[in-house]
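Dear colleague,

I am passing on a structure for you to look at, together with notes on the contacts between its side chains. Please read the notes with the coordinates open.

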Amino acid sequence: MKSPFLWRNGIEKKGMTIGYSFIDITGISNQIDFTATEMEVLWEKMKVSLYQIKEVCNNQREEESTFFINHFATLLDEMKSFIESNTFKAISPKEYDEIYNEIISLRVSVASNVCHSIYDLLIRDETSDAISMLVDIKPEIRFPKYQGEYILLANKLVLMKSQHLNSCMNHFSWIVNSYSEYIPQDIFKSLLEFILIAYEPYFNGKQNWNLPFAKKEDFESGLIKIYSVFKKWGGINVFWQSYKPRFINH
């Protein structure tokens, strides 16, 4: 509780100090039953470190960005794991959500500083990196904040233009299927239809599977999820309506 390595971020009055590690408090909390008071202390100390990181990141220079992603990213991941795996009885749900969102926002921001944005990553087809960042974003703030990114992801699927096509389908179909209530239907309903139409020839026997960056069983599973939401939104596709899975590993 008193260790200088608790939530150690390397930020000091004179500047930054590199080369220091921080305590694996998540691992420790999985083995020790902290009291509610102790958990509150850990929480408050974490907030101090978090807001120090936020202040430094807000004032950073572009040429320092590589340093920030290497220095802060793992600590922010530790904070995220810690609060996800523990209960904080003295912390209100409102404060918990605020701090959780702050951690996620900073984590995305730190990672984006090297590559400028998730959108730029998708444009350059560094799609797996982009998706790993999107996964960390809370469902309720994905849309409309990252609406453009998901439109671009859908277009990659329609055009079949990505060396990470399988990751695109797995992530996009998961988001659509799991969090459809957060997705604006007026924009994404037509995108779902375009995806279903684009891959129909590969499943009705008219087109051989010639997509080197895609697994047919993953796409079959993903397309079925996409169609279920498309149908829920009032969409009609005769082929996918009667389609029976043939490639999914049971």
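A search of the whole structure, which is a predicted model, finds 22 aromatic pairs, where rings of Phe, Tyr and Trp (its six-membered ring) are paired if their centres lie within 6.5 Å, and planes under 30 degrees apart count as stacked, over 60 as edge-to-face and the rest as tilted. One of them is the tilted pair of Y199 and F219, with 5.1 Å from centre to centre and 50° between the planes. Because Y199 belongs to helix α10 (residues 185-203) and F219 to helix α11 (residues 216-232), this pair ties together parts that are 20 residues apart in sequence; helices here are DSSP runs of H or I with at least four residues, numbered from the N terminus. Y199 is buried at 0% relative accessible area, and F219 is likewise buried at 0%, where buried means under 20%, exposed over 50% and partly exposed in between (1.4 Å probe, protein chains only).

Ring pairs also join Y199, Y202, F203, W209, F219, F239, W240, Y243 and F247 into a cluster. Over the face of F203, one of the rings in that cluster, lies K216, at 5.4 Å from the ring centre; a charge counts as over a ring if NZ of Lys or CZ of Arg is within 6 Å of the centre and within 35 degrees of the ring normal.

Turning to charged pairs, the structure holds 7 salt bridges, each a side-chain nitrogen of Lys or Arg within 4 Å of a carboxyl oxygen of Asp or Glu. R107 and D77 meet in one of these, at 2.7 Å from N to O, and the pair links distant parts of the chain, with R107 in helix α4 (residues 93-115) and D77 in helix α3 (residues 65-84), 30 residues apart. R107 is buried at 18% relative accessibility, whereas D77 is partly exposed at 28%.

Within helix α3, E84 and K80 are 4 residues apart, about one turn of the helix, and form a salt bridge whose closest N and O atoms are 3.1 Å apart. K47 and E44 form another, at 3.6 Å between the closest N and O atoms, and E44, K47 and E95 are linked in a network of salt bridges.

As for conventions, residues are numbered from 1 along each chain as its sequence is written, and side-chain values use heavy atoms, with hydrogens and water left out. In this predicted model local features need pLDDT of at least 70 and side-chain atom pairs count only at pLDDT 80 or more, while totals for chains, interfaces and linings use all residues.

Best regards

Notes: Helices (H or I, at least four residues) and strands (E, at least two) are DSSP runs, numbered from the N terminus.
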